[in-house]
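Subject: Structure handover

Hello,

Here is the structure you are taking over. Please open it alongside this email, as the notes refer to residues by number.

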Amino acid sequence: MEKKTVLTGITTTGTPHIGNYLGAIKPAIDLSRGDTYNNFYFLADYHALIKCHDPERVAQSTREIAATWLALGLDTDKATFYRQTDVPEITELTWILTCMCSKGLMNRAHAYKASVDANRDAGNPDLDDGVTMGLFSYPILMAADILMFNADLIPVGKDQIQHIEMARDVAGRFNHTYRPLFTQPEAVVDEQTQLIPGLDGRKMSKSYNNTIPLFSSADELYKLIKQIKTDTRTPGEPKDPDTSTIFQLYSCFANEQERLAMRQQFENGIGWGDAKKELFEFLDSKLSAPRILYNELMNDLGSVEEVLLKGADKARSVATPMLEQVRIAAGIRPLTYVAEQLSEEKQKKEKSAEAIARAEEGRRRGILMQLKPLLARVESADDKATAAQEIVADKMAEVESLKKKAKQKAQNELDVLQEELAAYL
């Protein structure tokens with residue numbers, strides 16, 4: 001059975017913190033140690049430019065994140081570890097996919113809508129004020145990251161699920177228009193990784209300024225842990241471990257026996273100062289060895305650069321032939337190109353039932369995207385049956401009024417409409 005491909009990227013805009021480690025880096029490294037998947041992990045430095053225009057911050061973050069992955073034990077002989085900007089095929093694919101992506105799809109992206117809403121709430125008449133084309137269309141760059149390597153599984157947070165759906169839509173449209181070259185990716189969300197608390201009890205995030213840098217010094221680590229918010233219960237009073245940031249962070253690094261022992265201390269009334277000290281000593285013992293290696297790597301960035309360039313070569317060995325297929329499918333070909341002539345019998349043998357089904361799924365998804373406004377009109381109507389009949393009648397009239405290719409396109413849309421609205425017709 002062919003291995004599935006897992007792909008994960010981390011944007012290079014900040015210093016890696018414990019939330020990054022537990023939510024993305026550790027699960028990815030653990031996954032790469034087996035032989036179940038093909039693993040692609042990359043530094044998303046083009047994505048960093050969307051919101052961060054501080055070149056020194058982007059550069060420093062790139063160094064820190066690369067060293068972090070290596071210090072934590074990523075085996076780059078098993079996983080493909082690369083810098084996004086070292087694979088130019090990704091940006092070329094981004095443009096080709098941009099030409100396949102409707103503006104309406106990008107209008108629905110969460111980040112863009114949030115910017116528009118913020119301008120509206122502020123009374124700004126220019127709803128696109130401050131919106132760059134990078135912010136508007138970055139889901140297409142993300143789609144290119146994924147589709148370039150035909151990734152099957154994309155570990156993401158809940159806020160990124162929409163972008164995986166967009167990648168599926170773009171892949172479906174390309175497959176329908178040209179050739180079925182792209183796999184339909186699936187989002188993989190680990191609910192537990194969404195619950196890692198920061199110093200103030202909210203989800204650990206740079207935007208909340210409540211993070212604990214993964215490789216801060218021992219003194220800095222203890223200083224930050226002492227800032228964790230607690231309640232007013234005194235030593236000797238039982239404390240609820242399930243509502244405590246201290247216990248939750250401890251549990252993220254502990255085995256079952258260690259977790260149960262710490263829970264018992266909470267129920268026995270451990271003082272908050274002692275609990276913070278125990279958390280510090282426990283985390284420091286877990287992080288001291290990789291911290292030493294991290295500092296060594298940060299003082300030997302030439303070796304880190306070599307690892308990234310080696311990873312880029314591995315990534316391009318996949319990306320280059322893939323992009324060549326995409327170019328040829330879209331008509332970007334040498335003048336002397338002659339398509340391989342296959343006999344009808346050979347074509348039948350090469351087209352598996354799975355490939356045909358995948359192409360049909362992509363074609364239908366592409367059509368459904370175009371029909372969403374019409375289907376939404378029916379769902380919001382008081383008399384759904386009448387609304388459905390009117391829409392189908394209009395589409396039938398449109399089919400009759402068109403010729404050749406345009407007529408076939410409208411007929412395809414009519415077929416899908418009739419299937420989707422069958423309950424009302």
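Predicted model: local features only at pLDDT ≥ 70, side-chain atom pairs only at ≥ 80, totals over all residues.

Strands β1 and β2

One of the pairings to look at is that of Thr 11, whose bridge partner in β2 is Ala 44. Between the two strands the chain passes through helix α1, residues 18–32, and this β-α-β crossover is right-handed.

Two asparagines with positive phi

Asn 150 is not a glycine, yet its phi is positive, near 45°. Asn 150 sits in the loop that runs between α7 (133–147) and β4 (153–155). Asn 209 is also not a glycine and has a positive phi, about 55°. The loop that holds Asn 209 lies between β5 (186–188) and α9 (218–225). Asn 209 counts as exposed because its relative accessibility is 69%, and the cut-off for exposed is over 50%.

Cysteines

How many disulfides does a search of the whole structure find? The search gives 0. Cys 99 is in no disulfide, and the nearest cysteine sulfur to it, that of Cys 101, is 10 Å away. A disulfide would need the two sulfur atoms within 2.5 Å. Cys 101 is likewise in no disulfide, its nearest cysteine sulfur being that of Cys 99.

Are these two cysteines buried or exposed? Cys 99 has a relative accessible area of 52%, so Cys 99 is exposed. Cys 101 has a relative accessible area of 15%, so Cys 101 is buried.

The cavity

Cys 101 comes up again here, as one of the residues that line the largest cavity. The structure holds 1 cavity of 30 Å³ or more, and the volume of the largest cavity is about 60 Å³. Its lining is made up of Met 100, Cys 101, Ser 102, Leu 105, Asp 169, Val 170, Arg 173, Gly 366 and Met 369. Helices α8 (161–177) and α15 (353–380) are the elements that give two or more residues to this lining. Of these, α8 provides the largest share of the lining, with 3 residues. By type, the lining residues divide into 5 nonpolar, 2 polar and 2 charged.

Regards

Terms used
Residues numbered from 1 in each chain as written. Heavy atoms only, no water. Pairing = 2+ DSSP bridges. Helix = DSSP H or I, 4+ residues; strand = E, 2+ residues; numbered from the N terminus. Right-handed = clockwise from strand over helix to strand, strands pointing away. Buried < 20%, exposed > 50% of the residue type's maximum accessible area, 1.4 Å probe, protein only. 1 Å grid on protein atoms, 1.4 Å probe; cavity = no way out; pocket = protein on both sides within 12 Å on 5 of 7 lines; lining within 4 Å. Points joined across faces, edges and corners; volume = space filled by probe spheres on them. Nonpolar A, V, L, I, M, F, W, Y, C, P; charged D, E, K, R; others polar.
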